[in-house]
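This report concerns strand pairing and aromatic contacts in one protein model. The structure is shown first, and the description follows.

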Amino acid sequence: MSRISSLSHPANAGDRAGNFAAVRALSEGLVAPLSEADATLQSMEDASPAKWHLAHTTWFWETFLLRDHAPGYTLYDERWPFVFNSYYEAEGERIDRFSRGMLSRPTLSDLLDWRAHVDAAMVSLLDREDLAPLIDIGLAHEQQHQELLLTDIKHALFQNPLGPAMWDSPPPPAVHTGERGWHRHPGGIARVGHLTGGFAFDNEGPAHRKLFEPFALADRLVTNGEWTEFIADGGYAAARLWLSDGWGWVRDHGITAPLYWRDDEQFTHAGWQSRDPHVPVTHISYYEADAFATWAGFRLPTECEWEVIARGTQGEVAAHDPAAGNQLDRAHAPMPKGGTDLFGDCWQFTRSAYLPYPRFQPAEGAVGEYNGKFMSGQFVLKGASCATPRGHSRASYRNFFYPHQRWQFTGLRLAKDLP
């Protein structure tokens with residue numbers, strides 16, 4: 001049985017070679033503005049250096065495709081799997097996660113040479129239909145690391161009191177959405193999870209039935225201006241609004257605002273910028289999202305509520321386009337701008353714990369470690385962010401983070417119960 005037999009993949013992959021080239025080129029475009037020192041920075045254990053992301057994604061292709069399926073292929077450097085494996089226990093020992101920032105060698109130039117070598121070797125495998133599922137997960141895996149690369153380097157540059165800019169890009173014009181409207185759902189039974197057609201990770205299935213009570217999901221994200229009102233009303237000082245763990249986190253870490261805020265500014269990939277009140281708030285934790293929803297008199301949606309609205313079932317005229325909204329199209333400074341698209345700008349917290357769906361079985365082999373073993377203590381986020389490569393997300397996609405984490409482009413969309 002294939003080591004990834006439980007992963008869905010496209011019946012018609014289209015121009016897989018073209019997709020491979022485009023994804024690999026975007027990763028290198030994202031590091032183009034960085035110096036060697038920039039690319040080596042690791043600001044915390046949750047983050048990784050930019051050049052490590054370049055290397056790890058290349059290790060993935062070399063290990064699971066070339067090593068295992070290309071006759072006669074030999075590893076570019078037999079020492080490198082030890083430093084560029086992430087968490088795959090089946091692939092053996094590896095360096096500690098927070099040691100990645102100590103890797104001054106290999107250099108960025110060395111890693112780009114390795115990438116070119118692997119890209120050339122992959123050409124002979126890209127048209128093999130028996131490898132299509134594994135190639136598709138490799139593409140999705142690298143797209144995930146493109147977003148992580150962007151958010152990790154943002155956190156690293158933020159540590160510099162000079163506020164360095166990665167790109168000299170003005171903020172996009174904000175989209176003023178006005179008063180909050182609602183997508184209404186009458187309740188009933190609907191299928192959720194990955195249904196048919198297209199790529200999906202194993203944690204998105206199996207599809208299963210879910211019973212819904214009537215509810216509504218906001219047609220726009222919570223904004224910076226609304227969050228400023230929350231702060232002004234003492235939101236970070238009111239214990240009654242917070243989950244117990246969240247209140248402890250606020251007090252232990254002195255949290256008084258979203259990450260990257262100071263005065264009327266916020267830190268971006270283009271350095272410090274004036275904070276627009278009409279732009280969606282980002283870089284908040286689950287604890288903050290839940291406290292805001294309580295303060296506003298609403299709640300967070302469940303992941304399945306979010307998904308049925310995205311699919312356009314029972315109450316919506318049409319499904320929402322996963323490729324719409326403010327997402328990543330090229331190497332540039334990602335910044336939220338607002339609008340009424342369900343996808344884009346920021347990942348949206350749900351109140352759903354990241355747990356397996358009924359009858360879930362992880363994929364076989366090392367790639368089975370990709371999702372299932374992290375189903376403990378995390379929360380699901382839906383949608384896509386301004387740093388998500390366009391076309392990567394879908395209604396059934398399940399992003400997940402621990403409740404205190406906020407260095408990603410994370411925000412919220414409110415929900416409420418209907419009579």
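Strand S8 (residues 347–353) and strand S9 (residues 379–383) run antiparallel and are joined by four bridges; strands are DSSP runs of E with at least two residues, helices are runs of H or I with at least four, and both are numbered from the N terminus. Two strands count as paired if DSSP finds at least two bridges between them. Phe349 stands opposite Leu381 in S9. The open sheet comprises four strands in the order S10-S9-S8-S11, with mixed pairing. Its edges are strand S10 (399–401) and strand S11 (410–411), each of which pairs on one side only.

The model is predicted: local features need pLDDT of at least 70, side-chain atom pairs count only at pLDDT 80 or more, and totals for chains, interfaces and linings use all residues. Residues are numbered from 1 along each chain as its sequence is written, and side-chain values use heavy atoms, with hydrogens and water left out.

Across the whole structure, 36 aromatic pairs are found. Rings of Phe, Tyr and Trp (its six-membered ring) pair if their centres lie within 6.5 Å, with planes under 30 degrees apart termed stacked, over 60 edge-to-face and the rest tilted. Tyr260 and Phe267 form a tilted pair, 6.2 Å centre to centre with 45° between the planes. Ring pairs also link Trp59, Phe60, Phe64, Tyr87, Tyr88, Tyr354, Phe374 and Phe400 into a cluster.

| Charge | Ring | Distance from ring centre |
|---|---|---|
| Arg100 | Trp52 | 3.7 Å |
| Arg275 | Trp261 | 3.7 Å |

Key:
Lys NZ or Arg CZ within 6 Å of the ring centre and 35° of its normal.
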